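My notes follow in the order in which I looked.

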Amino acid sequence: MLQFLQSSKLAQVALTVLRIALGWMWFSSGIGKVMGGEFNAGGFLQAAAANPVLKGGTEEVAYPLYVAFLENVAIPNADLFSFMVMWGEVFVGIALIIGLFTKTAGFFGGVMNTSFLLAGTVSTNPLMLLMTIPLLVSKRNAGRLGVDRFTPAIEEKVKNKKRPLKTIEKPA
C-alpha cells in the first residue's frame with residue numbers, strides 16, 4: 001500500500017482529489033474566520049481549559065500537559081493564537097489546494113486537528129486527520145499534480161547557491 005501511495009499514477013490522482021478536498025475544508029473554515037472579522041479563540045481556549053477532556057468514567061484529566069499549555073501559554077496569548085488559527089487554516093488550505101509544500105501543509109493541518117481534538121472538539125477533526133495521513137506518507141506523490149512538481153528543481157537551485165565558493169590558494 002505504501003509503495004502504491006508513493007509511486008503510482010493512479011494514487012497521484014486520488015491523492016490530488018483528497019488533497020484538494022481537504023484543502024477546501026481548511027480554506028473555507030479559515031476564510032470564514034478571517035472575513036467574519038471578529039474571530040477570537042480566547043473563549044474557546046478558556047472553555048477547553050475549564051472543561052478538559054476526562055478519562056472515561058473518572059474525574060481525572062486525560063491530557064494534563066495540554067491543559068497546562070492552554071492555561072500558561074495559549075490563554076495569555078489568545079490574540080496571537082486567534083491570528084495563527086485563522087490564517088493558519090487559510091494558508092494550509094491554499095497550500096493543499098494548489099499542491100505547494102503539501103507535506104508541510106498537511107503536517108501543520110494535522111497539528112491543528114490534534115490540538116482541537118485534545119481540547120475536546122470532535123466535529124470534522126478526526127476525518128480531516130485521517131485524510132491527512134495518506135498525504136504525509138505518500139512522499140512527493142500527493143503534490144506531483146500541483147506546484148510541488150516544480151519544487152525539487154527549485155530546491156536544487158537553492159542548494160547550489162548555498163555552496164561556498166571555492167577559493168584558489170596562492171602558492172607560498
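Entry one. In this predicted model, I looked up threonine 124 and found a relative accessibility of 37%, so I put it down as partly exposed, a class that lies between buried, under 20%, and exposed, over 50%. I then located threonine 124 in the loop between helix H6 (102–118) and helix H7 (125–137). I also checked glycine 146, which is 22 residues from threonine 124 along the chain, and noted 25 Å between their C-alpha atoms.

Entry two. I turned to helix H2 (residues 9–36) and helix H5 (residues 78–98), whose axes come within 7 Å and cross at roughly 150°. Because angles over 145 degrees count as roughly antiparallel, I describe H2 as roughly antiparallel to H5. I noted the crossing of H2 with H5 as left-handed. The residues that meet there include Leu22, Gly23 and Trp26 in H2, and Val92, Gly93 and Leu96 in H5. Sorting the residues of this contact, I have 16 nonpolar, four polar and three charged.

Which residues have the most contacts inside the largest nonpolar core? In this core of 16 residues, they are Leu15, Leu22, Trp26, Val92, Leu96 and Leu135. The elements that give two or more residues to this core are H2, H5, H6 and H7. Apart from this core lies another, of ten residues, and I listed Ala41, Ala48, Ala74 and Ala78 among them.

Entry four. Last, I followed leucine 96, leaving out residues up to four places away in sequence, and found that leucine 96 touches, among others, Arg19, Ile20, Thr102, Ala105 and Leu135.

Technical notes:
Residues are numbered from 1 along each chain as its sequence is written. This is a predicted model: local features need pLDDT of at least 70, side-chain atom pairs count only at pLDDT 80 or more; totals for chains, interfaces and linings use all residues. Side-chain values use heavy atoms; hydrogens and water are left out. Axes are lines fitted to C-alpha atoms, for helices over the stretch in contact, and angles run from 0 to 180 degrees between N-to-C directions. Helices (H or I, at least four residues) and strands (E, at least two) are DSSP runs, numbered from the N terminus. Angles under 35 degrees count as roughly parallel, over 145 as roughly antiparallel, 65 to 115 as roughly perpendicular and the rest as oblique. A crossing is left-handed if the near helix is turned anticlockwise from the far one by less than a right angle, and right-handed if clockwise. Contact means heavy atoms within 4.5 Å. Ala, Val, Leu, Ile, Met, Phe, Trp, Tyr, Cys and Pro count as nonpolar, Asp, Glu, Lys and Arg as charged, and the others, Gly among them, as polar. Buried means under 20% relative accessible area, exposed over 50%, partly exposed in between (1.4 Å probe, protein chains only). A nonpolar core is a set of buried Ala, Val, Leu, Ile, Met, Phe, Trp, Tyr and Cys residues joined through side-chain atoms within 4.5 Å.
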